[in-house]
Amino acid sequence: MYIGPYQLSNNLIVAPMAGVTDRPFRTLCKYFGAGHAVSEMMTADKTLRMSKKSLYRANFDGELAPISAQIAGSDPEQLAEAARYQVANGAQIVDINMGCPAKKVCNKLAGSALLQDEDLVARILDAVVAAVDVPVTLKTRLGFLNGEENILRVAKRAEDAGIAALALHGRTREDMYLNTARYELIREVKKNIHIPLIANGDIDSPEKAKYVLDYTGADAVMIGRAAQGRPWIFREIAHYLETGEHLAAPEIVEVKQVLMGHLAELYQFYGEYSGCRIARKHIAWYTKGLRSSNEFRQNMYKVENTADQAKVVESYFDQLLDQGRRMSDVQVEQVNLLEIK
Ligand SMILES: Cc1cc2nc3c(=O)[nH]c(=O)nc-3n(C[C@H](O)[C@H](O)[C@H](O)COP(=O)(O)O)c2cc1C
């Protein structure tokens, strides 16, 4: 699949997730075969651009191309300016967020709240596309309220505006993360537009990815929550799509190496204090459902420096290595990969 001039290496995309898909995690997902990744959302508000959080989010140093920066806001001119800023900062694709359901974002009429005002949506799309000479993509939901899904009109307007690809989460804002993603409407949209469509929502296994691709006719699938603590899911899905067969669960020794590498990247990226704290949630995701992992996590949360944190993680994985070879040997609880975190 292409986004503008960029041919993606496959049709598996890691979803933008604020607080999760920072540069270290995007890099890891791409290493495991994600064909594309989008940054965490960044506010279009210029006054917040130099905040620590924005600077981390806008850090694309050394990232594998194409680099996609997601912007969120509600003012067309402000978004246009933010798009220009991100391109100057290294973005090769600009993604507009019209999907975020969070109150803090929607109260400012940004994210999915924009879907209530189609005229404003159109002005934003036109302004951002005109502002930059790189592809602009859109990520959105089915609509704001159930029963008032307006995605068909929004998608057509996006196509007319010159949007290069549309990522569609099969829920409304009203759904938040409740109910299940509705792939029927994604399929309907695909039939009605000619730009690449990326289907998103509740994809947590190779079979589900194949089902969604086949059923909706989408050009690609986007995976969010199921990749947390499990970046190798892209390798598993790619293998299944190519061969129809499942890869064996990863070996414990590989996961240990991946996690230790991920921690080292987080420590380097965020520094000692934030690195230690941000790493906690990732460690928790990697170890969910594993033998004695509740006790391990309770202890791990108490550790307040990176050197000791790395040590406790390493020693926990060494214990697991004494008990089996593959992750499936030490997985003692079924994990719901779509739990909201
Ligand atoms: C923790 C978290 C943070 C998210 N942050 C963003 C974001 O910054 N931008 C965005 O467009 N969507 C964001 N999303 C939505 C996801 O990109 C995705 O649309 C949603 O999780 C559904 O996909 P999934 O079922 O594969 O998780 C976020 C989701 C989660 C769980």
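I searched the whole structure, a predicted model, for cavities of 30 Å³ or more and got two. The largest cavity comes out at about 90 Å³. I then looked up its lining and wrote down Met42, Thr43, Ala44, Asp45, Arg49, Ser54, Ala58, Ile71, Ala82, Tyr85 and Gln86. Two elements give two or more residues each to this lining, namely strand 4 and helix 3 (76–88). Which element gives the most to the lining of the largest cavity? I found that helix 3 does, with three residues. Sorted by class, the lining of the largest cavity has six nonpolar, three polar and two charged residues.

**Second cavity.** The second largest cavity holds about 70 Å³ of space. I noted 13 lining residues here, with Ile3, Val38, Asp95, Thr137 and Ile198 closest to the centre. Strand 4, strand 6 (93–98), strand 7 and strand 8 are the elements giving two or more residues to this lining. Strand 8 has the largest share of the lining of the second largest cavity, at three residues. By class I got nine nonpolar, three polar and one charged for the second largest cavity.

**Largest pocket.** Next I went to the pockets. The largest pocket has about 1,200 Å³ of space. How many residues line the largest pocket? I got 50, and Ala18, Met41, Asn97, Cys100 and Val105 are the ones nearest its centre. Several elements supply at least two residues each to the lining of the largest pocket, among them strand 4 (36–43), helix 2 (52–57), strand 7 (136–141) and helix 10 (252–287).

**Second pocket.** The second largest pocket holds about 580 Å³. I listed 26 residues in its lining, and Arg230, Trp232, Gln331, Val335 and Leu337 lie nearest the centre. Helix 9 (233–243), helix 10 and helix 13 (327–330) are the elements that give it two or more lining residues. I also wanted to know where the second largest pocket lies relative to the domains. Domain 1 (1–241) and domain 2 (250–326) both give residues to its lining, so the second largest pocket lies between them. The lining of the second largest pocket divides into 13 nonpolar, seven polar and six charged residues.

**Ligand.** I looked up what surrounds the ligand and got 17 residues, the closest being Pro16, Gln70, Asn200, Asp202 and Arg225. In glutamine 70, an N or O atom of the side chain is 2.7 Å from a nitrogen atom of the ligand. Asparagine 200 puts a polar side-chain atom 2.6 Å from a ligand oxygen atom. With aspartate 202 the polar atom is in the backbone, 2.7 Å from an oxygen atom of the ligand. On its own the ligand has 610 Å² of accessible area, and the protein covers 93% of that.

Last, I checked two loops. Proline 66 is in the loop between helix 2 and strand 5, and a cis peptide bond joins alanine 65 to proline 66, with omega at about -5°. Asparagine 179 is in the loop between strand 8 (165–169) and helix 7 (183–192). I noted a positive phi of about 55° for asparagine 179, although this residue is not a glycine.

Definitions and conventions. Residues are numbered from 1 along each chain as its sequence is written. This is a predicted model: local features need pLDDT of at least 70, side-chain atom pairs count only at pLDDT 80 or more; totals for chains, interfaces and linings use all residues. Side-chain values use heavy atoms; hydrogens and water are left out. On a 1 Å grid over the protein atoms alone, a cavity is a set of points where a 1.4 Å probe fits but cannot get out, and a pocket is an open set with protein on both sides within 12 Å along at least five of seven lines; lining residues have an atom within 4 Å of a point. Grid points are joined across faces, edges and corners, and a volume is the space filled by probe spheres set on the points. Helices (H or I, at least four residues) and strands (E, at least two) are DSSP runs, numbered from the N terminus. Ala, Val, Leu, Ile, Met, Phe, Trp, Tyr, Cys and Pro count as nonpolar, Asp, Glu, Lys and Arg as charged, and the others, Gly among them, as polar. Domain bounds come from an automatic or database domain assignment. A residue is near a molecule or strand if one of its heavy atoms lies within 4 Å of it. A polar contact is a pair of N or O atoms within 3.5 Å; within protein, one must be able to donate a hydrogen and the other to accept it, and residues adjacent in sequence count only if both atoms are side-chain atoms. Accessible areas come from the Shrake-Rupley method with a 1.4 Å probe; for residues, only the protein chains shown count as cover.
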